[in-house]
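This briefing covers a predicted model.

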There are 2 protein chains.
Amino acid sequence: MGQKAGSIPTPVVRRLAKYLMHIQGLRKAGVEWVSSQTLAEALGLTSSTVRQDLSHLDISGISKRGYETATLEDVLQRELGGDVVWKAVIVGAGNLGCALATHVPFAKQGFDICGIFDANTRVVGKKVGRLTVQGMEDLPALVRKEAVDIGILAVPVEAAQQVAEQLVEAGVAGLLNLACAHIQVPEGVSVVDAHILENLQELSYLLHASRKKK
Amino acid sequence: MGQKAGSIPTPVVRRLAKYLMHIQGLRKAGVEWVSSQTLAEALGLTSSTVRQDLSHLDISGISKRGYETATLEDVLQRELGGDVVWKAVIVGAGNLGCALATHVPFAKQGFDICGIFDANTRVVGKKVGRLTVQGMEDLPALVRKEAVDIGILAVPVEAAQQVAEQLVEAGVAGLLNLACAHIQVPEGVSVVDAHILENLQELSYLLHASRKKK
């Protein structure tokens with residue numbers, strides 16, 4: 001599997017995404033410099049974590065002033081591949097798929113959702129924001145025509161593996177998997193899982209554990 | 001912050017949730033025994049990871065047969081706090097909030113979404129599945145009446161911290177944060193972030209890195 005394509009460890013990549021989002025907020029507020037200490041406090045991390053994370057980037061801070069926010073945003077964006085626009089399609093036009101299709105922050109961060117598909121002919125033709133739900137038979141042509149990079153799986157568990165294969169076959173290079181199932185993909189295809197139910201179960205574990213303590 | 005309530009490390013807890021989901025599928029299919037090797041292959045892990053993870057639980061495998069699926073499901077569910085029903089409310093009745101309010105797998109896994117709230121008076125009164133969107137002024141009373149454990153934040157970044165405070169003030173013990181913002185909570189309150197945009201950025205990093213290699 002292609003998950004190991006990058007050399008920066010996954011938890012660091014996730015924090016880099018957090019830094020990017022925070023820096024963008026700071027820049028909007030007109031802040032020109034930020035120290036690792038300030039970043040750490042804002043994000044609930046230690047400043048040594050922040051410094052170690054940023055050491056993966058081609059940037060260095062200036063003593064007492066820290067990092068220039070404009071440069072830091074640039075460098076983070078380049079490292080995360082956010083300086084290009086990624087084309088994505090969603091499969092699954094249920095509530096979750098439709099919510100993601102119209103999620104404004106995606107477009108703002110350079111993810112262009114250019115199609116939404118569903119195997120259920122009863123939802124084909126339905127309007128979702130500026131898109132119209134298409135049948136699965138139209139997937140390969142759109143992926144080719146738009147040179148789609150990313151497939152977003154918002155289908156039930158049972159359908160996840162098959163839909164993943166259809167997306168890979170059509171030519172996407174990466175999958176964001178929202179179905180609570182492990183999917184297998186050929187070498188060279190990247191998969192990132194986004195399982196909200198697992199996050200809820202993690203929370204349930206924490207609540208359960210803190211009650212046991214009492 | 002209360003994130004450290006449990007003694008099992010977060011990555012392990014997330015995998016335990018994956019095992020649970022998989023075991024439930026196996027049980028539905030009538031499978032009575034499963035080996036760590038089979039679990040590992042199905043979930044793309046090494047069998048030593050599986051054995052180490054399961055060593056956190058009050059269960060032991062039998063040589064050659066592995067684990068009894070019924071017992072493993074029970075033990076996993078108890079450890080993850082999934083043997084009780086957790087009451088949850090959603091704040092933010094946008095597309096994402098509405099999608100989560102009607103997400104069938106949550107109810108199946110013991111998460112009872114018993115209310116959805118929004119600060120925007122224009123959406124108050126709107127039907128979302130069997131729920132009706134309520135104004136924020138009704139939040140404290142419902143949290144108290146239903147003894148709500150979990151608040152799910154599906155609000156824009158700018159509103160996240162304030163809404164988190166309202167939920168904590170109302171009495172929830174845990175937050176699932178879908179807003180792409182770091183939120184600060186008092187000691188004893190657990191927070192789990194579920195940032196789909198960050199997952200997409202992780203994917204963008206992997207795609208970018210694998211293209212650079214070519």
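A residue is called buried when its relative accessible area is under 20%, exposed when that area is over 50%, and partly exposed in between. By that cut-off, 15 of the 18 residues of helix 9 of chain B are buried, and the helix is mostly covered. Helix 9 of chain B spans residues 196–213, and it is also the element of chain B that gives the most to the side touching chain A, with 18 residues.

- From its first C-alpha to its last, helix 9 of chain B reaches 26 Å, close to the 26 Å expected at 1.5 Å a residue.
- Contact between the chains involves 67 residues of chain B and 67 residues of chain A.
- About 6000 Å² is buried between chain B and chain A, with 67% of it on carbon and sulfur atoms.
- On the chain B side, B:L200, B:Q201 and B:Y205 lose the most area to chain A, together 11% of what that side buries.
- Polar contacts between chain B and chain A number 29 residue pairs, both residues being at pLDDT 80 or more.
- Elements of chain B that each supply at least two residues to the side touching chain A include helix 1 (10–28), helix 2 (36–43), helix 4 (69–79), strand 9 (174–177) and strand 10 (190–193), as well as helix 9.

- B:K18 takes part in a salt bridge with A:E198, where the closest N and O atoms are 3.1 Å apart.
- A:E198 lies in helix 9 (residues 196–213) of chain A and B:K18 in helix 1 of chain B, so this pair joins two chains.
- A:E198 counts as buried because its relative accessibility is 7%, whereas B:K18, at 22%, counts as partly exposed.
- B:K18 also forms a salt bridge with A:D193, with the closest N and O atoms 3.6 Å apart.

**Salt bridges within a chain**

- In chain B, the side chains of B:E73 and B:R27 meet in a salt bridge of 2.8 Å, N to O.
- That pair links distant parts of the chain, with B:E73 in helix 4 of chain B and B:R27 in helix 1 of chain B, 46 residues apart.
- B:E73 counts as buried at 13% relative accessibility, and B:R27 counts as partly exposed at 40%.
- A salt bridge of 3.6 Å, N to O, is found between the side chains of B:K87 and B:D112.
- B:K87 lies in strand 3 of chain B and B:D112 in strand 4 of chain B, so the pair ties together parts that are 25 residues apart in sequence.
- B:K87 is partly exposed, at 23% relative accessibility, and B:D112 is partly exposed, with a relative accessible area of 23%.
- In chain A, salt bridges that share partners join A:K87, A:D112, A:R130 and A:E146 into one network.

**Strands and sheet**

- Chain A has an open sheet of 6 strands in the order 7-4-3-8-9-10, with parallel pairing.
- Strand 7 (134–135) and strand 10 (190–193) of chain A are the edge strands, each pairing on one side only.
- Strand 3 (residues 86–91) and strand 4 (residues 111–118) of chain A pair in the parallel sense over 6 bridges; A:V91 stands opposite A:F117 of strand 4 of chain A.
- In chain B, 6 bridges join strand 3 (residues 86–91) to strand 4, and the two run parallel; B:I90 stands opposite B:I116 in strand 4 of chain B.
- Strand 4 of chain B also pairs with strand 7 (residues 134–135) of chain B, in the parallel sense over 2 bridges, and B:F117 has B:Q134 of strand 7 as its bridge partner.
- Strand 4 of chain B (residues 111–118) is largely enclosed by the rest of the structure, because 7 of its 8 residues are buried.

- B:S36 is found in helix 2 of chain B and counts as buried because its relative accessibility is 11%.
- Neighbours within four places in sequence aside, B:S36 is in contact with B:S47, B:V50, B:R51 and B:Y67.

Note on methods. Residues are numbered from 1 along each chain as its sequence is written. Chains are lettered from A and ligands numbered from 1 in the order in which they are written. This is a predicted model: local features need pLDDT of at least 70, side-chain atom pairs count only at pLDDT 80 or more; totals for chains, interfaces and linings use all residues. Side-chain values use heavy atoms; hydrogens and water are left out. Buried means under 20% relative accessible area, exposed over 50%, partly exposed in between (1.4 Å probe, protein chains only). Helices (H or I, at least four residues) and strands (E, at least two) are DSSP runs, numbered from the N terminus. Two strands pair if DSSP finds at least two bridges between them. The expected span of a helix is 1.5 Å times one less than its number of residues. Contact means heavy atoms within 4.5 Å. Buried area is the accessible area (1.4 Å probe) that two parts lose on being put together, summed over both. A salt bridge is a side-chain nitrogen of Lys or Arg within 4 Å of a carboxyl oxygen of Asp or Glu. A polar contact is a pair of N or O atoms within 3.5 Å; within protein, one must be able to donate a hydrogen and the other to accept it, and residues adjacent in sequence count only if both atoms are side-chain atoms.
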